[in-house]
Amino acid sequence: QAQLEESGGGSVQAGGSLRLSCAITGRNLNSYGMGWFRQGPGKEREFVAGISYNGGNTEYGDSVKGRFTISRDNSRSTVALQMESLKPEDTGVYYCASTGRNRWRQLIVTGTDDYTLWGPGTQVTVSS
């Protein structure tokens, strides 16, 4: 049974950077798309970034385009989210997720219902 675990969260001032990492254990998920979501205080969980099974295609939420970069290293079973120029509105719990479907496809899906496996999340706090 596969499991996901996020790390790298923390507190940072506006304008700073953080790098989140998601470790995949228990089963090989290299054939599936992966994504990052976040949930701010009092907000719904929202799509941040997605990456296809081999990294050939990526997609970002409008609010993070040009600031965040998603990547994956299938040899290490990890997915990363590099976050630059952080803003207070980026504050929230960040979740790594696997689609578990659309195997071997470049398709990026953005809905929470499109993802079948989730990590417990890591807190990111950006102060002004």
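Predicted model: local features only at pLDDT ≥ 70, side-chain atom pairs only at ≥ 80, totals over all residues.

Biologist: Fine, let's begin inside. Which residues of the largest nonpolar core touch the most other members?

Modeller: That core has 26 residues, and those that touch the most other members are Trp36, Leu81, Met83 and Tyr94. Two or more residues each are given to this core by strands E3 (18-25), E4 (34-39), E5 (46-51), E7 (68-73), E8 (78-83), E9 (92-98) and E11 (122-127).

Biologist: And which element gives the largest share?

Modeller: The largest share comes from E3, with 4 residues. There is also a second, separate core of 6 residues, and among its members are Phe47, Ala97, Ile108 and Tyr115.

Biologist: Switching to cysteines, how many disulfides turn up in the whole structure?

Modeller: The search finds 1 disulfide, formed by cysteine 22 and cysteine 96, with their sulfur atoms 2.1 Å apart. Cysteine 22 lies in strand E3 and cysteine 96 in strand E9, so the pair ties together parts that are 74 residues apart in sequence.

Biologist: Are those two cysteines buried or exposed?

Modeller: Cysteine 22 and cysteine 96 are both buried.

Biologist: And what is the handedness of the disulfide?

Modeller: It is left-handed, because the torsion about the S-S bond of cysteine 22 and cysteine 96 is about -80°.

Biologist: Now the sheet with 4 strands, what is the order there?

Modeller: The order is E1-E3-E8-E7, in an open sheet with antiparallel pairing. From one strand to the next, the twist averages 15°.

Biologist: How many bridges join E7 to E8?

Modeller: E7 and E8 run antiparallel and are joined by 6 bridges. As one example, phenylalanine 68 has methionine 83 in E8 as its bridge partner, and Met83 is also one of the residues that touch the most other members of the largest core.

Biologist: What about glutamine 82, which residues is it in contact with?

Modeller: Glutamine 82 is in strand E8, and, leaving aside neighbours within four places in sequence, it is in contact with Ser17, Leu18, Arg19, Arg67, Phe68 and Thr69. With arginine 19 there is a polar contact of 3.2 Å between the side chains.

Biologist: Next, the backbone. Where is serine 77 found?

Modeller: Serine 77 is in the loop between E7 and E8, and its phi is near 55°, which is a positive value in a residue other than glycine. Tryptophan 104, also not a glycine, has a positive phi of about 60°, and this residue is in the loop between E9 and strand E10 (117-118).

Biologist: Is tryptophan 104 buried or exposed?

Modeller: Tryptophan 104 has 52% relative accessibility, so it counts as exposed.

Biologist: Last one, glutamine 123. Where is it found?

Modeller: Glutamine 123 is found in strand E11, and at 40% relative accessibility it counts as partly exposed. Its side chain makes a polar contact of 3.3 Å with the side chain of threonine 125. Leaving aside neighbours within four places in sequence, glutamine 123 is in contact with Gly9, Gly10, Thr91, Gly92 and Val93.

Technical notes
Residues numbered from 1 in each chain as written. Heavy atoms only, no water. Core = buried A, V, L, I, M, F, W, Y, C linked by side-chain atoms within 4.5 Å. Buried < 20%, exposed > 50% of the residue type's maximum accessible area, 1.4 Å probe, protein only. Disulfide = S-S within 2.5 Å. Pairing = 2+ DSSP bridges. Axes fitted to C-alpha atoms, helices over the stretch in contact; angles between N-to-C directions. Polar contact = N/O pair within 3.5 Å; in protein donor to acceptor, adjacent residues only side chain to side chain. Contact = heavy atoms within 4.5 Å.
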